[in-house]
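Here is a short tour of a two-chain model. Have the sequence and the structure open as you read.

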Amino acid sequence: MTRWSLVIAIVLGAACASAPDPNARTTVAAPDRKNFDSVGIYLDKTCGTLDCHGHIARNLKLYGYYGLRFAPDDFPGGGDTSPRELDADYRSIVGLEPEIMTQVVNDGGARPERLTLVRKARGTEQHKGGTLVQAGDPGDRCITSWLGGTTDEDACKAAIGTIP
Amino acid sequence: MKRLLVVTVAAAAIGACGDPVHSNAVDALGGETYGLRPGPTHRPGQPCLVCHGGAGPGKPEFAVAGTIFQTVDALDFLQGAEVTLTDSAGNEITLRTNQTGNFYFPASNWTIAYPMTVKVAYKGVEVQMKTHVGRDGSCSSCHSDPVSPSAVGHVYLVADPKAFPK
């Protein structure tokens, strides 16, 4: 065995030495579901088209009127976005980066750009779907105000109205 | 020398494998349709960029391509429709559909800044797509039949055949 093989074996052995703690739990602080509806509708319209986050293969998967539907008998552009779809959208958003989401929420929504969701939407991180909001514009405020605990409903309405 | 040979063979083998997801998508399209030969009118209604998206086997590569049909209930091609595409950088192009309703634009001439909006016009009827296109220049990736929770059906000008402009 060469010296490098020995080093690699020791490193791999150390990496596998401890089993994960089955009782370990991570407490997640998430923005309130009650304040999410208008945020979810905005995200569905902006991000949830069938070719983007309304595609079943996406990590961040969104359901709603403008894209993927939750009910098997519904279709894009069919019924209004349902509460079940908004529940699913909420879980998608909150579950994407739960630890970072917790930090942002615990900091009252400060520095929301820590979340990939915000960076991608602002286009400050590579995003095939392009730049969808600018920091401080209605769409951005719709998302970040929700992260801060009080959804800016006027911003969400304005944002929903500015996209086709 | 022996090690170099092994590395070369391994690299060639990996390269030869390609992308099985893409290969499966190409295979799923099946053979040519409507008795048409490969060319500008072929495979109407299929997701063009599966083959013409840069990974082959179709050439040239397209930035955007699709098919427009006349009505919602039938697959009658719409020839002569104007399809206007506007990306988020303000670039706008208008394309005209051919005999099988197909339109396309080469990728070498346009890198689309998504999101992009789409409008179809024909003999005074103008239809704006309800949503923007977020990232896929292949209309039929989403506009496939039958309508389902994840598919919106083929692109058509009017729902009611009586409303189709003569």
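## Where the chains meet

A salt bridge here is a side-chain nitrogen of Lys or Arg within 4 Å of a carboxyl oxygen of Asp or Glu. By that rule, the count between chain A and chain B is zero. Please keep in mind that this is a predicted model, in which side-chain atom pairs count only at pLDDT 80 or more.

The two chains do meet, though: 24 residues of chain A are in contact with 17 residues of chain B. About 1700 Å² is buried between chain A and chain B, and carbon and sulfur atoms give 65% of that area. On the chain A side that touches chain B, you will find eleven nonpolar, seven polar and six charged residues. Polar contacts are also part of the picture, with six residue pairs found across the interface of chain A and chain B, both partners at pLDDT 80 or more.

## Two crossing helices in chain A

Now turn to chain A, to helix H2 (residues 37–47) and helix H3 (residues 83–94). How do their axes cross? They come within 10 Å and cross at roughly 85°. Angles of 65 to 115 degrees count as roughly perpendicular, so H2(A) is roughly perpendicular to H3(A).

## Cis peptide bonds in chain B

Tyr114(B) and Pro115(B) are joined by a cis peptide bond, with omega about 0°. Pro115(B) sits in the loop between strand S5 (102–106) and strand S6 (116–122) of chain B.

Further along, the peptide bond from Asp145(B) to Pro146(B) is cis as well, and its omega is near -5°. To find Pro146(B), look in the loop between strand S7 (125–128) and strand S8 (156–158) of chain B.

Which loop of chain A holds Arg111(A)? This residue lies in the one between helix H4 (98–106) and helix H5 (116–122). Arg111(A) is not a glycine, yet its phi is positive, near 45°.

In chain B, Lys123(B) is another residue other than glycine with a positive phi, of about 45°. The place to look for Lys123(B) is the loop between S6 and S7 of chain B.

Methods
Residues are numbered from 1 along each chain as its sequence is written. Chains are lettered from A and ligands numbered from 1 in the order in which they are written. This is a predicted model: local features need pLDDT of at least 70, side-chain atom pairs count only at pLDDT 80 or more; totals for chains, interfaces and linings use all residues. Side-chain values use heavy atoms; hydrogens and water are left out. Contact means heavy atoms within 4.5 Å. Buried area is the accessible area (1.4 Å probe) that two parts lose on being put together, summed over both. A polar contact is a pair of N or O atoms within 3.5 Å; within protein, one must be able to donate a hydrogen and the other to accept it, and residues adjacent in sequence count only if both atoms are side-chain atoms. Ala, Val, Leu, Ile, Met, Phe, Trp, Tyr, Cys and Pro count as nonpolar, Asp, Glu, Lys and Arg as charged, and the others, Gly among them, as polar. Axes are lines fitted to C-alpha atoms, for helices over the stretch in contact, and angles run from 0 to 180 degrees between N-to-C directions. Helices (H or I, at least four residues) and strands (E, at least two) are DSSP runs, numbered from the N terminus. Angles under 35 degrees count as roughly parallel, over 145 as roughly antiparallel, 65 to 115 as roughly perpendicular and the rest as oblique.
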